[in-house]
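Hi,

Here is the structure I promised to pass on.

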Amino acid sequence: QKQLGVERNPQRWQQMAQALRSFDASQDLHTQALAIDGQVHERLATAASAIQLAQTQLELEKNAEAAATLAALGRKKATPASEALRAVALARQGELGDAIDIVMEIDAPPDADPGTLYCLAWVHAAVGNNDEALALLTSCFEAVAPSRLDALKLHTRGCADFGELATTAGF
């Protein structure tokens, strides 16, 4: 990580940051990933960098911070995935009504990528819409690259927001 701090080439810096972040996340080193995600989001300030930072914040139960990170995107930069994760963060803080309001406003694109599908499944599970969560999760698992499927299933089983869903017959 020291080399990351001194790298001057922006493209090389971003590649190094992503590689370090991927390693940290794969090893459940979320505190280290959080530091990298914060640096990446500070430099890029995109919806994708905010989503990555918020996912790590959620992993560390930093729910208020995740909600703030995603709210800072504003309406123009927000995506269905970022709004879904913002609603997850709010639901975790007991703001279920606000979370449900956000869920009702999300327009899921018909060609949503697996990451967006997963975020949508996550928020539906967090607010108790288990049938919708299961349908979205099924679509996500069908669309994700086979090399990533096991890791995604592992995250799903370990995520408390999917807890009630994991006990249903459909899961």
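Helix α9 covers residues 114-126 and helix α10 residues 130-143, and their axes cross at roughly 160 degrees and come within 8 Å. An axis here is a line fitted to C-alpha atoms, for helices over the stretch in contact, and angles run from 0 to 180 degrees between N-to-C directions. The crossing of α9 and α10 is left-handed (the near helix is turned anticlockwise from the far one by less than a right angle; clockwise would be right-handed). From α9, the residues P114, L117, Y118, L120, A121, H124 and A125 meet N130, E132, A133, L136, L137, S139, C140 and A143 of α10, where contact means heavy atoms within 4.5 Å. By class, that contact has 11 nonpolar, three polar and one charged residues. Nonpolar covers Ala, Val, Leu, Ile, Met, Phe, Trp, Tyr, Cys and Pro, charged covers Asp, Glu, Lys and Arg, and the others, Gly among them, are polar.

Before I go on, the ground rules: this is a predicted model, where local features need pLDDT of at least 70 and side-chain atom pairs count only at pLDDT 80 or more, while totals for chains, interfaces and linings use all residues. Residues are numbered from 1 along each chain as its sequence is written, and side-chain values use heavy atoms, with hydrogens and water left out.

What is the chain built from? It has 12 helices and zero strands, going by DSSP runs numbered from the N terminus (helices are H or I with at least four residues, strands are E with at least two). For the overall shape, a compact globule of 171 residues would have a radius of gyration near 16 Å, and the protein chain agrees with its 16 Å. That radius is taken over C-alpha atoms, and the globule rule is 2.2 Å times the number of residues to the power 0.38. The C-alpha trace spans about 50 × 35 × 30 Å along its principal axes. Of the 171 residues, 41% are buried (under 20% relative accessible area; exposed is over 50% and partly exposed in between, with a 1.4 Å probe and protein chains only). Take the contacts between residues at least 6 apart in sequence: 51% of them join residues at least 24 apart.

Back to helix pairs. L137, C140 and F141 on the α10 side meet L149, L152, K153 and T156 on the α11 side. Those residues divide into five nonpolar, one polar and one charged.

The other pair I looked at is α5 (residues 63-71) with α7 (residues 80-92), which pack at an angle of about 150 degrees with their axes 8 Å apart. That makes α5 roughly antiparallel to α7. Their crossing is left-handed. N63, A66, A67, L70 and A71 of α5 meet S82, L85, R86, A89, L90 and R92 of α7, and by class the contact has seven nonpolar, two polar and two charged residues.

Two buried side chains are worth a click. V103 sits in helix α8 (residues 96-105) and is buried, at 10% relative accessible area. Not counting residues up to four places away in sequence, V103 touches A87, V123, H124, V127 and N129. H41, in helix α3, also counts as buried, with 18% relative accessibility. Its contacts, again leaving aside neighbours within four places, are T46, S49, A50, L53 and T69.

And which loop residues have a positive phi? A45 has a phi near 50 degrees and lies in the loop between α3 (30-44) and α4 (47-59). E61 has a phi near 60 degrees and is placed in the loop between α4 and α5. A45 is partly exposed at 32% relative accessible area, whereas E61 is exposed at 52%. For context, most residues other than glycine have a negative phi.

Cheers

How values were computed. Parallel < 35°, antiparallel > 145°, perpendicular 65-115°, else oblique.
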